[in-house]
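Hi,

Here is the structure I promised to pass on. Have a look at it first, and my notes follow below.

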Amino acid sequence: MSKRKGLSLEEKRQRMLSVFYDRKDFFQLKELEKIGSKEKGINAMVIKDIIQGLVDDGLVDTERIGTSNYFWAFPSKAVHTRKRKIADLEKQLGETEKKRKATDESISKAKVGREDSASREKTLQELKEKKTQCQKLEAQVEHYRECDPEVLEAKRQETQVAKDAANRWTDNVFSIKSWCKRKFGFEESVLDKQFGIPEDFDYID
């Protein structure tokens with residue numbers, strides 16, 4: 001079996017969100033650490049930070065009841081939160097783009113019959129900063145779009161289809177290898193070497 005690659009932070013966040021979405025219940029941190037560790041393959045030591053990050057992003061709610069903190073989340077709120085965040089970022093992006101265009105116009109006017117000046121250098125620096133800000137905002141908008149539950153579910157389904165197809169081909173390869181061993185008496189290692197099949201070739205989990 002090939003070694004499983006480590007989970008990215010976003011994958012860990014989505015796995016913990018799925019705990020809330022699937023169970024539709026309220027949890028204490030210790031419960032989340034236990035579920036995340038046993039069922040989602042996440043180190044219990046980092047789950048507290050992951051949950052806090054989800055709370056900070058408005059994707060998970062928390063309330064102190066008595067002496068305990070409880071956490072919960074619903075897909076409908078996640079969709080609303082992301083749409084609001086995207087709308088805010090797009091508004092900021094639009095405003096930044098307007099300022100960038102205004103700066104472009106200022107530069108164009110400054111170039112007419114003028115040599116380099118402190119004012120022009122300042123304008124160029126402002127343009128550079130606005131462009132950098134635009135790029136950051138565009139990246140944030142794209143990030144929140146990719147985290148939309150509907151988009152994630154579509155990607156999950158696409159991944160499952162691809163995985164099922166890959167496993168069918170894997171099954172076919174194993175069937176052919178088995179037939180060759182019975183028919184011609186070849187060793188498995190010889191077949192693997194002849195057809196370029198890696199040693200860790202196996203089904204995808």
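Let's start at the hairpin: β1 and β2 form one, with two residues between them, and G66 in the turn has a positive phi of about 70°. The two strands pair in the antiparallel sense over five bridges, and the bridge partner of T62 in β2 is F71. Helices and strands here are DSSP runs (H or I, at least four residues, for helices; E, at least two, for strands), numbered from the N terminus, and two strands pair if DSSP finds at least two bridges between them.

Before you dig in, some housekeeping. This is a predicted model, so local features need pLDDT of at least 70 and side-chain atom pairs count only at pLDDT 80 or more, while totals for chains, interfaces and linings use all residues. Residues are numbered from 1 along each chain as its sequence is written, and side-chain values use heavy atoms, with hydrogens and water left out.

Now the overall layout. The protein chain has seven helices and two strands, in the order α-α-α-β-β-α-α-α-α from the N terminus. Of its 205 residues, 27% are buried (under 20% relative accessible area, with exposed being over 50% and partly exposed in between; 1.4 Å probe, protein chains only).

V60 is worth a click. It sits in the loop between α3 (44-56) and β1 (61-65) and counts as buried because its relative accessible area is 2%. Leaving aside neighbours within four places in sequence, V60 is in contact (heavy atoms within 4.5 Å) with L17, F20, L54, V55, F71, W72 and A73.

V60 also belongs to the largest nonpolar core, which has 18 residues. Such a core is a set of buried Ala, Val, Leu, Ile, Met, Phe, Trp, Tyr and Cys residues joined through side-chain atoms within 4.5 Å. The members that touch the most others are M16, F20, L32, I51, L54, V60 and F71. Helices α1 (9-23), α2 (29-39) and α3 each supply at least two residues of this core. Apart from it lies another core, of seven residues, including L89, L93, L137 and Y144.

Cheers
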